Amino acid sequence: MASSRRRHHFFTRGRWLIPAITVASVFLLLFFFLSILAPSPNGNRIFLLPRHDSSGENDDAIEDSPLPVPAKEKVSKRDMWSSRNSNLFYGCSDASNKFRKAQDITHPNRYLSIVTSGGLNQQRTGITDAVVAARILNATLVVPKLDKSSYWKDSSVFSDIFDVDWFIKYLAKDVSVVKELPLRKGQIWLPYRMRVPRKCSDRCYIHRVLPVLKKKHAVQIMKFDYRLANSLDTDFQKLRCRVNYHALKFVDPILRMGEKLVQRMRMKSKHFIALHLRFEPDMLAFSGCYYGGGDKEREELGKIRKKWKTLPESHPDKARRHGRCPMTPEEVGLMLRSLGYGEDAHIYVASGEIYGGNETLTPLKALFPNFYTKYTLSSKDELEPFSTFSSRLAALDFIVCDESDVFVANNHGNMAKILAGRRRYFSHKPTIRPNGRKLFRVFLNKNYMSHKEFVYRINKYQKGFMGEPKEVSPTWGVFHENPYSCICEKVDNSTGGEVLNSTSRVETFTKVTNTDYDPDTPDDLEVDVLLSD
């Protein structure tokens, strides 16, 4: 009897449960079909924009809609032609009261000579560090000798590029400088030649070079590039800045021609962008990167790469992932357009021989029709005095890039680093460093993104790579790129008072003022000079 009641109770509950399940199933099926048929609030996009999180886990989500050429976007409220809060910072490289005058510490029979290596900008770092090395050794510096025998094949001497009299006069209080070694017993004095390791600290110079200098009295350090430590005492760092940003002044013919090029750009537009474009065959061959040119590209660049016997086997995909591949001209153009620079922007391109020639440049010219070089802005006769000297031509490009409103490079070579540091020192003018590690994914998937998604990602990944004040920490990069010891912040800008130590860029070229690295860089001459500019 009890069993019969339990079965009756079970079937009674079941009669109510089955219709309930049926009704719920109908509602679920109806909801499912409606969700499929209803339009997405974002149109037909397969993927939504990623959430603005910091995990980076969703960085590679892409869309299936095609990518048009980026239009002039209002990507943010920032002024594209200036850096935020740049007026609150200024270059400050005066010596401290503890830094004694050169005449008080220089030994009378102690001379340091150096031979630089590489192109213009690698030579510039060598010259700057040579002055500091001479100061460490309490020695007189002989005007540095420039590299004439390597990749660049330039016969120029120091006085062909830099104003040697200005150099000696400007540094007189810091380091004694002479043009040549004095005669010894009426004959030419040949210095003792030696080498020092890369990133040699001040103690390294005291222990390795000073004993030899005391014995031989004149020492010449060969292949002087990156032979001084990145981190030094503040007074030595400030001396680096005085040399690099004030004492090294181009000779008048180079200055006049460089200023003409700048003026001609200004006549065409109030603002202009300068692009340092390294896309020479040798550069690409050394990088080991691949740009989609098939067997022809692999064969041509592979043949050039064999010049460097010490280079390991190339891994193009790995190099690209690590941001070591120079961006293509088209990629630079797409990045700039996505950052808000429209096709009406004027662009000056500093470059050597471009791999692929005009075909490679065509996409960049389509994005920026107002496209100029030193060759299009000047006549053959104007450039003739410089045309057979690679360092002098590079100096013209250096001046225009330095004076541009926005500077960008497709590489991380010495010119890009030197100019980044100089532009930080003088007013923090916008200097765009492509974030290669992140941007390569964007360009890899560009054909699967919408225009809006592409622009969003470019702007996201370029935050912190635009040359803003305090954008990087003091320990970041090499000192020539990030001269943190020589940049001061105004304490109170509200008073409108005059700021001491703030130096005009023009002073570098006009009068004497009262102002009393990379572990991955291979130790190979040909590699050094290739990467130098």
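Helices (H or I, at least four residues) and strands (E, at least two) are DSSP runs, numbered from the N terminus. This is a predicted model, in which local features need pLDDT of at least 70, side-chain atom pairs count only at pLDDT 80 or more, and totals for chains, interfaces and linings use all residues. Residues are numbered from 1 along each chain as its sequence is written, and side-chain values use heavy atoms, with hydrogens and water left out.

**Salt bridges**

- The structure holds 22 salt bridges, each a side-chain nitrogen of Lys or Arg within 4 Å of a carboxyl oxygen of Asp or Glu.
- Lys296 pairs with Glu300 in a salt bridge, with the closest N and O atoms 2.9 Å apart.
- Lys296 and Glu300 are separated by about one helical turn because they stand four residues apart in helix α11 (residues 294–305).
- Arg320 forms a salt bridge with Glu331, where the closest N and O atoms are 2.4 Å apart.
- Arg320 is in helix α12 (residues 316–321) and Glu331 in helix α13 (residues 329–338), so this pair ties together parts that are 11 residues apart in sequence.
- Both Arg320 and Glu331 are buried, a term for under 20% relative accessible area, with exposed over 50% and partly exposed in between (1.4 Å probe, protein chains only).
- A network of salt bridges links Arg198, Lys223, Asp225 and Arg227.

**Positive phi**

- Asn85 is not a glycine, yet has a positive phi of about 65 degrees.
- Asn85 sits in the loop between α1 (2–37) and β1 (89–91).
- Lys470, also not a glycine, has a positive phi of about 60 degrees, and Lys470 is exposed at 63% relative accessibility.
- Most residues other than glycine have a negative phi.
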